[in-house]
Structures are given as C-alpha cells and as structure tokens.
Amino acid sequence: MKRKLLAACMAATFALTSLTGCGGSNENAQDTTQQKTDTTDTAETTETVDTAEAEKEDTGSAEKIHLTVPKVGYNQDQINTANAKEGGPTYEDKYYMTVTENIAKNLPDYEMEYVDWGWGETLDQKQRALFAAGSAPDIVAGETFIPSYAAEGLLEPLPQEIVDLVNPSFLVYDNDGKAVAVAYKTSIFMIFYNKALLEQCGYSEDDIPTTWDEWKAMSDDITAQGQGEFWGGGIPTFPHAGGALRATPFFRANGTDFAVDGKINLDDEKLQEVLSFIREMNYNFPAGLGNGTDEFPMWDAFHEGSIAFVVQGSFEGADAETAGMDWGVAPIPMNDSGIDGNCTVGSVYLAVPKDAANKEASFNVIKEALSLENEKVWLEGSYCPAIKEIIEDPSYYENDKVLMMEMQVIKDGTYSGLATFPKNDSSIWEIINQNVLARTTMTEDPIDVICSEAQEQIVPLQQ
Amino acid sequence: MEEIKRISKKEKTRSSRQKRRTRRAYKIIIPFFAYIALWGILPLLYGLYLGLTEYNGLSKKPVFIGLRNYIDFFTNSAYMQLLWRQIWMGAICLFMNTLLSFLLGLALNVPSRARGFFRSGIYVPCIAATSITSAIFIVLLEPNGVMNTLLKRLGASPITWQYSQFWMVFWIMVYFVWKNIGPAAIIWLGGLQSIDASLYEAAKMDGASSFQRIRYITMPGLRFVASYIILTGIIGAMQMFDVVMFISKGNPYGKTDILMYRLYRDGIVNFNMGMAGAESTIIGLITIVFSIVYFRIVLKKEDQNA
C-alpha cells in the first residue's frame with residue numbers, strides 16, 4: 001500500500017514537473033523564434049523587435065510567403081553582431097543590412113528567414129544535405145560548387161530579366177547552356193605592389209611590368225637586393241583553391257587551362273610551360289610562404305613591406321588601405337601570346353533550386369539583391385557589382401583606381417571561375433592543388449613527371 | 001496432496017514473478033537497444049550499402065554499382081599508399097605514446113609532494129580543444145615561427161618544415177603523443193598502484209635490482225592494463241585523422257595524407273559518398289583483424305603462462 005502511495009506521489013510530481021517544464025520551453029521557443037526569424041515587416045532592422053509588434057507580425061505571417069535564404073540578408077543576431085563591431089559594420093555587413101531593409105520595404109508579403117549556414121564547405125554540406133532530404137531551400141548560395149549543382153540539373157533557369165540585368169561574367173550555365181545562377185558581386189585578379197619597396201629598389205610606377213619577362217626580371221632583382229630581408233614576390237601555389245585561383249589567370253593567358261571540355265589537361269605543353277614559370281617566380285618568395293597552407297602570412301608580409309608584388313583580387317585595395325601602406329595596382333602581366341586571361345574570385349552566386357516551393361518569390365528576392373541601391377554598396381569594398389548599369393557607367397567608381405581597372409577588364413572580356421570537372425570535381429582539384437601546383441614549387445621534381453603522375457591519378461576519377 | 005498443491009502454487013508464483021522480472025528487465029534495456037540501433041547499427045548498415053553505390057549527395061538516389069568502389073580502391077595505388085601510411089604512421093604514434101606514457105606513469109608513481117600537480121598537469125592537453133592547440137602548433141612551425149627563430153638564435157639554419165615529409169610526420173607524432181599521453185599515463189599509474197607493494201619489498205630483500213623489479217613484477221602485473229592500452233591504441237591509430245587534418249592537411253603535396261583523412265574528404269568535402277562507404281568498411285575490417293590478431297597473441301601468452 002505504502003509503495004503504491006509512494007508511486008502515485010512520484011507520478012504526480014513527475015507529471016507536474018514535466019508540465020511546468022513544457023510551459024517554460026514554449027516561452028523560450030517563442031523567444032528564440034522571434035530572435036532568429038526576421039520578418040520583412042521589420043523595417044527598422046537595427047532596432048530590437050518590440051514584443052507587441054512581433055505578436056502582430058506573427059498573426060499576419062500566416063498569409064505571407066515564407067522564404068529560407070542563405071547569403072542574401074542578415075537576421076537580427078547578425079545585425080546585432082555587425083553593429084557591435086569596432087569601427088561599425090563593414091561594407092559586407094552594410095550590403096546585407098541594406099538588402100534586408102529593402103526587401104522588408106519592397107517585398108512586404110514575404111516572410112524572410114535569413115539563415116547563416118557559413119561559407120565554403122560548410123554551406124555546401126548543409127545545402128547538399130537539404131537536397132538529399134528533398135527539402136531544398138528557396139535559394140541556394142555558393143561559389144566554387146554552384147557549377148556542380150548546375151551540371152547536375154538541380155537549378156531553375158534564371159528569368160531573362162535577371163540575365164539581361166547583369167554582365168555575362170556573373171552567370172553560371174547548366175549543361176543545356178541556360179543561365180541558372182547569378183553572382184551579385186565578384187572580383188578578378190590583379191597585381192598589387194608596394195610602392196615604397198619599389199622606390200627603395202630604384203623603381204618607379206613607370207617601370208611596373210606588363211609582360212611575364214619584365215615581371216620576372218624586376219622581381220628577381222628586388223629579391224637579390226633584399227638579401228633575405230625582402231622579396232620580389234611571385235605567383236602563390238597554396239595547396240588549396242586559393243592557389244589554383246591565383247595561378248589560373250596565368251594558364252589562361254597562355255591559352256590553356258586545367259580542364260578542356262571537362263577533361264584533365266595536364267599533358268598539355270603550354271600548361272607545363274606555365275608551371276615552369278610559376279616555379280621560377282616562386283624563388284622570389286621566402287621558403288614556405290608562397291605554398292603554405294595558410295594564406296594570411298603572405299598578405300601580412302605584403303602589408304608589412306617584405307614582399308613587393310602579390311596576385312590578389314580587387315578587394316586587396318581596401319585591405320592595403322586599412323593596413324596604411326603605400327600601394328599601387330596593375331593588370332596581370334601578359335605573356336607573348338597576348339591573351340588576356342583572368343579568373344573570377346570572391347563571387348557569391350545565388351540560384352533557385354528546381355524543387356523550391358516558391359520559385360517566383362525567390363527570383364523576386366534575387367532581383368532585389370541585384371537592385372542598384374544594394375549593388376552600389378559593394379563599390380566601397382572595391383568589389384565589382386553584377387549589374388551593367390554600374391559597370392558601364394564610370395561615374396560610379398571614377399575615384400577608385402582599382403575599380404577603374406577592374407571594370408575595364410570586366411567590360412572587355414567574359415571571365416569565369418575555376419574550371420569544373422563533371423565528375424569528382426573536388427577530388428580532382430585537390431590533386432591539382434597539392435600534387436601539381438604545390439609540388440611544383442616545393443620540389444625540384446621534373447614538371448613533366450609531376451604532371452604525368454597527377455594525370456594518372458585523375459584519369460580514373462573521370463571514368 | 002495439500003503439500004504438493006502448496007509447492008506447485010509456490011512454483012507458479014515464482015515462475016510468474018520471474019516472468020515479470022524478465023519483462024521489466026526488457027523494458028529497461030529496450031530503449032538502450034533502440035538507441036544503439038538508431039545511432040549505431042542503422043548508420044553502419046547504411047554505410048555498408050553506400051559502399052556499393054555511386055552517390056554525390058545531389059542526385060535523388062544512390063545508384064547501385066556493386067563492388068566497383070572496392071575494386072577501384074584496391075586497384076588504385078593512391079588509396080593503397082594512404083592505407084599503408086595510415087598503418088605505419090599510426091603504428092609510430094601508438095608505439096611512442098605507449099612507451100612514453102608508461103615511463104611517465106612510472107615517474108608519477110614515485111612518491112613526491114608535487115605528484116598531484118603533475119598528475120593533473122599531464123591531463124590538460126587531453127581536455128584542451130584540438131582546433132585551438134593545433135592552431136598554436138602551426139604558428140610555431142611557420143617559416144618565421146617560434147621554432148625557426150629558436151634555431152636561428154642557436155646558430156642553426158631555419159628549416160622549412162612544411163616541405164619535408166619526415167619533419168611533418170615527426171611533428172604529427174609529437175602532437176599526437178602530447179595530446180594523448182595523459183590519459184594513457186593515468187591508466188598505467190592505476191595499474192602500477194594495483195600491484196601489491198609487498199612483492200617489491202620481498203624482491204628488494206632478495207637483492208633484485210630496480211630494472212629486475214620492473215621486468216619481473218611491474219611488467220607482468222600490468223599485462224591487462226597494457227592489453228587495454230594497446231587495443232584501444234590500435235583502434236585509435238586506425239581512426240587517426242584529426243591530427244593530420246589540423247597539423248599538415250596531408251601536406252607536403254599529399255605525403256602525410258592518410259586513409260581516414262581521405263575518407264573524411266571523400267565523404268563530406270568531395271561528396272563521393274560511395275567511395276567513402278567502401279573505405280570505411282575496409283578500414284573497419286582491417287581494424288577488427290588487427291584487434292583480433294593482437295587479442296589472440298595476448299591470449300596465447302596467457303595460456304603459455306598458465
């Protein structure tokens with residue numbers, strides 16, 4: 001009897017505790033939802049959401065179209081973080097905050113969920129998991145892996161209105177040649193130089209190299225004068241995409257690339273010539289700097305004045321300015337072929353999955369992200385915005401020497417990101433980055449041996 | 001008759017009580033079985049299935065391709081190199097960790113006032129986050145990092161550690177031992193303290209030297225502890241990948257790349273899920289074989305001693 005009584009008391013206590021716990025959880029859950037979901041009615045995005053207003057939004061959100069989107073706008077947590085930064089929000093923060101405000105204002109029927117799924121591999125993993133689960137987000141974002149999504153036929157073709165709005169270098173096409181993804185910003189590679197270091201070595205801005213031979217001669221001379229204290233600089237071969245991106249303009253300038261029609265091209269003599277040039281230029285870096293796993297020591301060395309030249313995207317202008325150095329910029333030197341090769345970097349592509357629930361609404365959000373008011377913000381960071389209206393009107397960027405040069409290059413030609421392989425793309429790039437590019441500068445192994453060994457590893461991955 | 005009925009009733013009661021107990025026991029263990037099935041057995045079976053398919057995480061369904069991933073694995077010299085490197089690099093790390101942790105355990109067993117401090121101190125690397133400690137390690141090894149600055153001050157030439165397979169394997173081993181020595185040393189210490197002290201006193205009175213006391217009392221007394229440390233060490237060495245990922249990323253140009261790190265990249269970086277499934281099955285089977293062989297050796301020795 002006593003045991004039964006005890007059991008009944010315990011059951012009652014347990015039930016009571018559980019119910020109390022449930023009540024508490026609900027309240028917490030509600031709070032979290034309010035924090036994480038940023039509805040478009042929140043015009044004053046930088047201010048804390050008032051509880052009464054939030055309740056009003058909740059009532060209205062039932063009729064709204066809910067969209068889950070990465071890399072388009074900021075949720076309240078991200079806005080708070082950006083505002084708390086020392087020196088205020090960066091140009092990148094400003095873009096996302098402006099887009100958030102404008103979507104709230106111009107697309108009031110949409111309930112936006114701005115998710116922070118990271119960037120690079122992390123974002124790719126999250127999006128692939130959602131594709132596999134059959135619950136793709138309304139918009140997918142990314143850089144190097146977006147061509148893989150396109151090749152797999154997962155993306156909805158862009159409306160002609162968006163295609164007409166942007167420069168062709170900002171588009172990604174599927175296997176049928178239809179534009180399926182658009183970047184709202186990008187950058188291309190240039191050479192940045194340390195003016196003070198050049199002057200110290202007896203060079204002026206008139207001497208800035210325009211050909212490979214001139215660059216090598218100048219860089220060799222600076223390295224010789226530096227006697228281990230400073231170096232001329234060359235082409236980085238970091239054993240990851242950072243190396244491949246910076247080397248690609250030189251391969252393209254020699255009329256070649258790692259992939260031809262999706263097939264690996266390491267036995268191409270033109271490609272091997274460029275690898276020899278990269279190896280020779282690498283002697284103008286201190287050992288381990290041009291091919292280290294971590295890129296940052298190189299940019300630090302440039303900012304601190306121990307490297308004369310670096311190959312970097314246009315965003316280096318803003319970084320060099322922040323570092324307070326006396327710097328200059330020039331187009332990538334050309335070789336005898338006279339081909340103006342380059343490669344886009346720092347692009348953020350947006351696309352709508354074929355399985356997305358609200359395709360029209362998603363494209364409207366992309367259009368908003370590409371609006372003139374939003375796109376202008378990228379000019380602050382010396383990034384090239386996608387829309388023709390800005391690219392073709394120099395009055396938007398006439399005071400920025402980097403952008404003047406970059407926009408001219410973008411206007412003159414059509415560029416793309418790294419080459420893609422239809423199958424095992426990442427695995428193949430890993431072999432190229434580590435066993436071709438890094439090995440070229442870390443060892444004295446014959447270039448043809450390096451290439452043939454890597455080719456042997458890659459061919460089975462393409463079958 | 002009454003007596004028989006009474007006994008029969010008692011037996012029935014006992015039997016039904018036994019059944020109730022059994023049911024209750026099942027009720028208690030079923031959630032745990034369900035948990036293990038959900039998070040252990042189902043993923044294992046799915047991994048085995050993926051090994052027989054081609055799947056990049058983007059197509060709707062994995063495509064069944066039979067044993068092609070396994071054939072590719074055993075016919076591709078790159079994969080065989082990675083497997084071999086996993087074994088020899090793991091063996092070096094295991095050997096050094098076992099040896100040094102044993103010596104450390106012996107040192108910690110020496111009575112001293114500072115013993116408690118050192119016992120806690122050696123455990124700290126184990127609880128520190130790998131991502132943070134390895135980042136510090138990398139900074140030390142940068143071309144102009146602390147290690148090269150030290151070498152320069154000593155009048156030696158700086159070394160570009162990242163260019164050399166030998167040096168990167170060396171630093172991976174140093175980091176592995178630094179990180180894992182604490183728990184192993186504490187287990188050795190527990191074993192050492194479980195040995196009857198009177199055996200040492202008796203041996204001492206019989207004139208046994210320190211080395212002889214270690215050889216004939218300590219080592220046989222630690223047989224089971226050693227079995228545990230080596231067996232878990234074999235499993236740990238065959239699963240080793242985070243150290244390589246954080247310290248060398250498989251560089252220089254893939255010379256420190258190992259199969260577990262490749263498995264991780266094939267799976268969730270390159271999304272070659274089929275090959276990752278096949279690799280995990282292969283490495284799992286090899287680990288089981290190594291463990292069984294080791295266990296057999298230990299049991300055989302036990303039988304001989306008996």
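**View 1. A:R439 and A:E453 pair in a salt bridge, with 2.8 Å between the closest N and O atoms.** This pair links distant parts of the chain, 14 residues apart: A:R439 lies in helix α18 of chain A, and A:E453 lies in helix α19 (residues 447–462) of chain A. A:R439 counts as buried, at 12% relative accessibility, whereas A:E453 counts as partly exposed, at 37%. The model shown here and in the other views is predicted.

**View 2. The salt bridge of A:D93 with A:K85 has its closest N and O atoms 2.7 Å apart.** A:D93 has a relative accessibility of 3% and counts as buried. A:K85 is partly exposed, its relative accessible area being 35%. Side chains of opposite charge can pair when their charged atoms come close.

**View 3. A:K195, A:E205 and A:D326 form a network of salt bridges.** Over all chains, the structure holds 16 salt bridges.

**View 4. B:R265 meets the side chain of B:D257 in a salt bridge, at 2.7 Å from N to O.** Both B:R265 and B:D257 are buried. The side chain of B:R265 also meets that of A:E430 in a salt bridge, at 2.5 Å from N to O. Between chain A and chain B the count is one salt bridge.

**View 5. The contact between the chains draws on 32 residues of chain A and 27 residues of chain B.** Chain A and chain B bury about 2,600 Å² between them, and 51% of this area is on carbon and sulfur atoms. Nine residue pairs, both members at pLDDT 80 or more, are in polar contact across the interface of chain A and chain B. On the side of chain A that touches chain B, at least two residues each come from α5 (121–132), α6 (146–151) and α18 (425–442) of chain A. Of these, α18(A) gives the largest share, eight residues. By type, the residues on this side of chain A are nine nonpolar, 14 polar and nine charged.

**View 6. Confidence in chain A has a mean pLDDT of 85, with 87% of the residues of chain A at 70 or more.** The lowest confidence in chain A is in helix α1 (residues 2–36), with a mean of 42, and the highest is in strand β12 (residues 349–351), at 97. Over residues 9–61 of chain A, pLDDT stays under 50, and for this stretch the model has 44 contacts beyond four places in sequence.

Terms used. Residues numbered from 1 in each chain as written. Chains lettered and ligands numbered in written order. Heavy atoms only, no water. Contact = heavy atoms within 4.5 Å. Buried area = accessible area lost by both parts, 1.4 Å probe. Salt bridge = Lys/Arg side-chain N within 4 Å of Asp/Glu carboxyl O. Polar contact = N/O pair within 3.5 Å; in protein donor to acceptor, adjacent residues only side chain to side chain. Helix = DSSP H or I, 4+ residues; strand = E, 2+ residues; numbered from the N terminus. Nonpolar A, V, L, I, M, F, W, Y, C, P; charged D, E, K, R; others polar. pLDDT = per-residue confidence, 0-100. Buried < 20%, exposed > 50% of the residue type's maximum accessible area, 1.4 Å probe, protein only.
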